[in-house]
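Please look over the sequence and the structure shown here before reading on.

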Amino acid sequence: MLQEHPHAIINIVDATNIERNLYLTMQLLEMNIPMVVALNMMDEVTGNGGSVDVNAMEAMLGVPVCAISAAKDQGVDELIRHAVHVAKYQERPLRQDFCDQSENGGAVHRCLHATVHLIEDHAAKAGLPIRFAASKAIEGDSLILEQLALDQNEIELLEHIVLQMEKERNLDKSAAIADMRFAFIQRVAASCVKKPHESREHLRSRRIDQVLTGKYTAIPVFIAIMGLIFYLTFNVIGAFLQDLLAGGIDLLKEAADGAMAAAGFNPVIHGLVIQGVFEGVGSVLSFIPIIVIMFFFLSLLEDSGYLARVAFFMDKLLRKIGLSGRSIVPMLIGFGCTVPAVMATRTLPSERDRRMTILLTPFMSCTAKLPIYAFFVNAFFPGRGGLIMTGLYLLGILWGILAAFVYKKTLFQGEAVPFVMELPNYRMPGLRNVLQLLWEKSKDFLQRAFSVILVASVIVWFLQSFDFHFNLVSDSQDSILAAIASLLVPLFRPAGLGDWRICTALISGFMAKESVVSVLEVLFGGQSGVANAMTSLTAASLLVFSLLYTPCVAAIASIKRELGARWALAVVLWQCGIAWVMALLVRLIGMLIGL
């Protein structure tokens with residue numbers, strides 16, 4: 001945030017736990033950025049006999065305060081109006097001094113003001129908020145001290161000022177600053193907040209947690225819930241809707257094929273539309289129901305408060321592999337998309353944990369791979385979609401755990417930082433939140449289908465339809481694509497993937513994982529062509545390889561931005577190497593058992 005310079009901040013505070021949530025608010029106030037405080041879940045506060053004097057809190061904090069309920073869409077419009085207003089007129093916080101004038105508060109007050117006077121010119125030159133820079137300098141924040149660029153005399157004077165405060169307060173510097181903030185928070189709560197009674201929701205949540213987060217039941221229940229979601233998605237609801245949409249696309253394809261043939265279209269254009277567009281993009285579009293249904297269930301879990309508990313009970317397990325429970329959040333996001341998962345690691349306080357988590361997120365199977373799984377499950381393993389999907393996701397997680405052990409012993413030795421998390425009460429998922437998430441994911445998938453996947457399908461169709469002299473070929477084996485992809489065939493053959501068409505599809509997956517299916521459809525002439533050309537063992541090897549090999553170019557670009565080019569290249573080679581070994585292992589085991 002120090003580098004991004006936002007026009008304004010909407011600081012969302014849990015109104016049911018104001019005293020614990022206002023600490024971040026105070027740090028944000030010190031940054032002197034226009035801000036609006038949103039007291040969320042006020043419906044629960046008032047429903048359980050509590051209240052908040054919003055006007056009094058505004059006066060004490062020096063910024064606008066709005067009472068809202070995001071789940072019920074109450075007060076949101078007023079919040080937006082305030083946010084737009086403070087951003088437009090750059091209305092900065094009126095208060096940044098939180099010290100009281102008692103004996104204890106006076107020591108911190110004198111220390112802060114002396115530090116402000118000492119670093120004032122340096123903070124202005126570095127573009128840092130003076131009060132924020134002063135408190136961080138007192139706490140010994142190395143990043144802020146580096147930006148302030150104090151000389152040796154100034155550093156010694158700062159140390160003397162801090163030492164004097166610690167002596168007067170009988171607390172170390174960080175504890176003294178924290179105590180000053182919490183004392184102010186207590187004054188705000190005492191003046192403005194009437195605490196609610198223990199809610200029915202809280203009592204209900206505690207009873208539910210006895211099962212869902214129990215010592216022996218948490219992980220088995222989590223696996224069972226995810227298995228049920230996969231079963232309903234791939235064997236019941238999603239499968240039914242997918243068949244309907246696929247049938248509609250096939251009818252449209254047949255109609256277009258007949259119309260173009262009757263109109264005497266050029267064979268090249270005819271092939272481009274039918275093979276390049278309908279068989280490529282159309283096949284991927286048929287998986288929209290599966291993706292929507294999957295995200296429908298995941299959004300229910302997130303909105304209900306269950307996914308927050310997953311982070312809680314996974315903390316103990318993650319500590320054994322060198323991470324804290326904080327890392328589970330980016331890793332869970334990785335099941336949606338690796339790009340935001342990598343970006344989400346910025347919230348981790350430890351650089352060690354951040355780097356290690358980034359390297360583990362590619363093992364979490366992103367939703368872009370769902371079309372690949374669904375395609376091969378339908379073609380080769382009908383009726384076993386839920387079991388296979390659960391197995392694939394667990395295999396990715398298992399490899400993530402194994403990799404974490406390796407990282408812990410080699411690249412990232414040491415212990416993870418402590419993890420503290422506040423668990424929300426269980427809530428009924430909001431219909432609006434769920435529908436908004438479904439729309440965003442569907443829109444994102446459609447944009448990919450009509451951009452990256454369409455381009456990839458057309459390029460693949462062109463390369464497999466022409467030779468190097470740009471003559472239309474009757475057999476794709478003589479095409480440009482076959483000549484290029486055949487260079488990789490010897491490398492992939494031991495893993496059972498020694499077909500140039502499979503190699504081509506996997507290369508296209510580096511651009512967008514969804515394009516693997518569309519390219520296979522184009523090169524093999526539809527799903528039936530794939531089913532006739534491959535065995536179940538080949539399909540199993542390809543599924544495992546697709547699960548573990550390099551993430552897409554967008555994810556690699558995100559890793560490069562966070563860790564650098566060498567780490568990004570290492571991720572590509574490391575993931576491809578693991579995928580090749582596992583695909584080979586699957587093939588050898590399959591051959592032994594006669595699959």
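Strand β2, which covers residues 35-40, pairs with β4 in the parallel sense over three bridges; two strands are said to pair if DSSP finds at least two bridges between them, and strands (E, at least two residues) and helices (H or I, at least four) are DSSP runs numbered from the N terminus. Within this part of the structure, Leu 39 stands opposite Ala 67 in β4. The model is a predicted one, in which local features need pLDDT of at least 70 and side-chain atom pairs count only at pLDDT 80 or more, while totals for chains, interfaces and linings use all residues. Residues are numbered from 1 along each chain as its sequence is written, and side-chain values use heavy atoms, with hydrogens and water left out.

Strands of a sheet pair through backbone hydrogen bonds, either parallel or antiparallel. Here three strands form an open sheet in the order β1-β2-β4, and the pairing is parallel. Because β1 (9-14) and β4 (65-67) stand at the edges with a single partner strand each, one side of each is left without a neighbour in the sheet. Neighbouring strands of this sheet are turned by 25° against each other on average, direction ignored. Helix α1 (residues 18-30) packs on the sheet and touches β1 and β2, its direction making about 165° with that of β1. Helix α4 (residues 76-89) also packs on the sheet, where it touches β1, β2 and β4, and its direction makes about 165° with that of β2. Contact here means heavy atoms within 4.5 Å, and axes are lines fitted to C-alpha atoms, for helices over the stretch in contact, with angles running from 0 to 180 degrees between N-to-C directions.

Two packed helices are described by the angle between their axes and the distance between the axes. The axes of helix α26 (residues 536-548) and helix α28 (residues 565-592) come within 8 Å and cross at roughly 160°. The two helices, α26 and α28, are therefore roughly antiparallel to each other, given that angles under 35 degrees count as roughly parallel, over 145 as roughly antiparallel, 65 to 115 as roughly perpendicular and the rest as oblique. Among the residues that meet are Leu 537, Val 544 and Phe 545 in α26 and Ile 578, Trp 580 and Val 586 in α28. The residues of this contact of α26 with α28 divide into 13 nonpolar, three polar and one charged, where Ala, Val, Leu, Ile, Met, Phe, Trp, Tyr, Cys and Pro count as nonpolar, Asp, Glu, Lys and Arg as charged, and the others, Gly among them, as polar.

Helix α9 takes part in two further contacts that can be read in the same way. The axes of helix α6 (residues 130-139) and helix α9 (residues 173-192) come within 8 Å and cross at roughly 140°, and α6 and α9 are therefore oblique to each other. The residues of the contact of α6 with α9 divide into three nonpolar, two polar and four charged. The axes of helix α8 (residues 152-169) and α9 come within 9 Å and cross at roughly 65°, so α8 and α9 are roughly perpendicular to each other. Their contact is made by Val 162, Met 165, Glu 166 and Arg 169 of α8 and Lys 173, Ala 176 and Asp 179 of α9.
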